[in-house]
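This report concerns strand pairing and salt bridges in one protein model. The sequence and structure are shown first.

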Amino acid sequence: MSTAPSIPQITLTRPDDWHLHVRDGEALRTVVPHTAAQFGRAIIMPNLKPPVTTAAQAVAYRERIQAAVPPGVSFEPLMTLYLTDNLPADEIARAKAAGVVAVKLYPAGATTNSDAGVTDIRKTYKTLEALQREGLLLLVHGEVTSPDIDLFDREAVFIEQQLQPLRRDFPELKIVMEHITTKEAAQYVAEAGPFTAATITAHHLLFNRNAIFTGGIRPHYYCLPVLKRETHRLALVAAATSGSDRFFLGTDSAPHPAHLKEHASGCAGCYTAHAAIEMYAEAFDAAGALDKLEGFASFFGADFYGLPRNSGQITLRRESWVSPDSFAFGETELKPLRGGEALPWKLVA
């Protein structure tokens with residue numbers, strides 16, 4: 001794919017989303033079609049209530065997601081298990097046989113529905129040995145949760161205290177550090193070797209932490225890991241547009257009912273699935289790197305997971321359009337990031 005700064009449209013190999021939340025039940029009817037319109041596959045997060053911790057639960061969840069895909073649309077949900085202190089090592093072989101591709105590590109209390117997460121990584125080592133043996137990936141929410149660590153420092157501390165020892169103890173385990181937000185994380189992944197990669201969200205490429213506070217508290221920009229300083233945003237843009245196959249697309253799109261986002265204790269998560277690839281195009285365009293978008297969005301994730309690249313295509317046009325203010329979300333409403341705002345790129349085919 002070749003582009004120029006003034007090119008009116010771009011065509012990409014159909015991309016994949018390597019980090020996605022779709023929730024469950026009636027919510028699936030709203031959010032799954034948004035992702036399926038753009039992406040060929042998506043890694044589905046397992047942090048439901050109760051969490052997805054068995055192969056059987058993952059298969060049942062996959063079937064519910066598939067039932068929400070619009071007729072005639074080709075979309076494959078890629079399933080994961082939720083790592084707990086007690087996830088049996090022998091469940092990993094069953095998971096692989098069922099088509100599960102990864103296990104997700106949430107430090108207990110790190111984000112939405114993470115109460116069942118890992119309290120001590122050493123308790124999971126037998127399960128991680130099975131992951132390494134079976135060739136499944138470990139997906140990491142890379143933050144410590146100790147209350148004495150500043151919120152904006154938790155990713156960098158996680159790398160030092162937990163990820164580096166984990167990488168040393170499991171040298172051939174494929175690890176994806178998800179939704180990285182700091183220059184420290186970008187540098188670590190760039191230097192960590194072929195078994196370590198990272199996903200980057202569109203909102204962390206487009207915005208710094210000022211977005212949460214401009215004109216008042218803006219809860220729809222609140223996510224975990226939280227948006228960081230401009231110096232970190234620039235480091236993420238540099239990593240994403242570098243052409244390195246260690247960085248690839250993962251939206252971390254996370255739907256919440258609007259009344260729970262706009263709350264005294266609002267939920268963490270930005271909903272971007274309605275316009276995800278358009279926002280990535282905007283970020284790459286602003287960096288003068290549209291020619292790097294296809295690798296980041298369509299090739300590098302599939303390659304790291306050992307899956308075939310997609311064969312279809314999508315086309316984006318440089319055309320202003322206004323995102324809907326809200327979507328139906330079961331019996332409530334869902335307000336997307338930048339709802340009601342004009343976006344400069346539009347998915348047209």
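The model is predicted: local features need pLDDT of at least 70, side-chain atom pairs count only at pLDDT 80 or more, and totals for chains, interfaces and linings use all residues. Residues are numbered from 1 along each chain as its sequence is written, and side-chain values use heavy atoms, with hydrogens and water left out.

Helices (H or I, at least four residues) and strands (E, at least two) are DSSP runs, numbered from the N terminus. Strands count as paired if DSSP finds at least two bridges between them. Strand β2 (residues 17-20) and strand β3 (residues 41-44) run parallel and are joined by two bridges. L20 has I44 of β3 as its bridge partner.

**Salt bridges**

A salt bridge is a side-chain nitrogen of Lys or Arg within 4 Å of a carboxyl oxygen of Asp or Glu. By this rule, the count is 19 salt bridges.

| Pair | N to O distance |
|---|---|
| D24 and R64 | 2.8 Å |
| K104 and E178 | 2.7 Å |
| E341 and R218 | 4.0 Å |

The accessibility classes used below are buried (under 20% relative accessible area), exposed (over 50%) and partly exposed (in between), computed with a 1.4 Å probe on protein chains only.

D24 forms a salt bridge with R64. Because D24 lies in the loop between β2 and α1 and R64 in helix α2 (residues 55-67), the pair ties together parts that are 40 residues apart in sequence. D24 is partly exposed at 29% relative accessibility, and R64 is partly exposed at 36%.

The side chains of K104 and E178 also meet in a salt bridge. K104 lies in strand β6 (residues 102-105) and E178 in strand β8 (residues 175-178), so this pair links parts that are 74 residues apart in sequence. K104 is buried at 0% relative accessibility, and E178 is buried at 1%.

A salt bridge joins the side chains of E341 and R218. E341 lies in the loop between β13 (332-334) and β14 (342-347) and R218 in the loop between α7 (202-206) and α8 (230-240), so the two tie together parts that are 123 residues apart in sequence. E341 is partly exposed at 29%, and R218 is partly exposed at 28%. Salt bridges with shared partners connect R218, E282, R338 and E341 in one network.
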